[in-house]
Amino acid sequence: MVEDTPETRILARLLLGRLYEVADYETGDLALADFGRFQPDLVLLDISLPGMDGVEVMTRMRADPALREIPVVAFTAYASDAERQRYLSLGFDGHVSKPIVDKSILLGTIARLLEAPHE
């Protein structure tokens with residue numbers, strides 16, 4: 001999970017930590033540096049991050065042969081249908097809006113992407 005808001009990281013970790021091993025990062029730079037040695041199975045990626053935004057992080061992941069097939073979920077307060085479609089068209093594999101109101105949406109999106117075959 002790449003998320004700069006501590007409260008959101010704590011809540012997501014509480015919701016996901018019982019089912020998944022969760023690593024969290026405050027910035028895209030920290031995440032990308034760590035992904036070089038620890039490849040995640042999926043990335044929840046905030047769009048509005050300090051420094052490098054989530055779109056740039058995802059773009060860099062897609063350009064890296066070692067990271068390009070990792071599912072990336074836009075984890076964002078930009079929750080309109082138009083924004084959702086925008087992020088999906090940019091290459092994100094899913095979209096989950098914040099704040100987390102219904103944990104089943106978050107858990108369902110993650111489960112669906114982890115079960116989907118990736119090339």
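Tutor: What follows starts with the overall chain and then turns to the core. The model is predicted. The protein chain has five helices and three strands. From the N terminus on, they run α-α-β-α-β-α-β-α. The C-alpha trace spans about 35 × 30 × 30 Å along its principal axes. The radius of gyration is 13 Å; a compact globule with 119 residues would have one near 14 Å, so the protein chain agrees with that expectation.

Now the inside. Buried residues make up 41% of the 119 residues. In soluble globular proteins, nonpolar side chains tend to be buried together. Here the largest nonpolar core has 20 residues. V2, F35, V43, L45, M61 and F92 have the most contacts inside this core. Four elements each supply at least two of the core residues: α2 (28-35), β1 (43-45), α3 (54-63) and β2 (72-76). The largest share, four residues, comes from α3.

Take L45 as a close-up. Leaving aside residues up to four places away in sequence, L45 touches V2, G54, V57, M58, V72, V73, A74, F75 and F92. Another core lies apart from the largest one. This other core has 14 residues, among them M1, L16, V73 and L106.

The contacts of the whole chain complete the picture. Of those with a separation of 6 or more, 54% join residues 24 or more positions apart.

Technical notes: Residues are numbered from 1 along each chain as its sequence is written. This is a predicted model: local features need pLDDT of at least 70, side-chain atom pairs count only at pLDDT 80 or more; totals for chains, interfaces and linings use all residues. Side-chain values use heavy atoms; hydrogens and water are left out. The radius of gyration is taken over C-alpha atoms; the globule rule is 2.2 Å times the number of residues to the power 0.38. Buried means under 20% relative accessible area, exposed over 50%, partly exposed in between (1.4 Å probe, protein chains only). Contact means heavy atoms within 4.5 Å. A nonpolar core is a set of buried Ala, Val, Leu, Ile, Met, Phe, Trp, Tyr and Cys residues joined through side-chain atoms within 4.5 Å.
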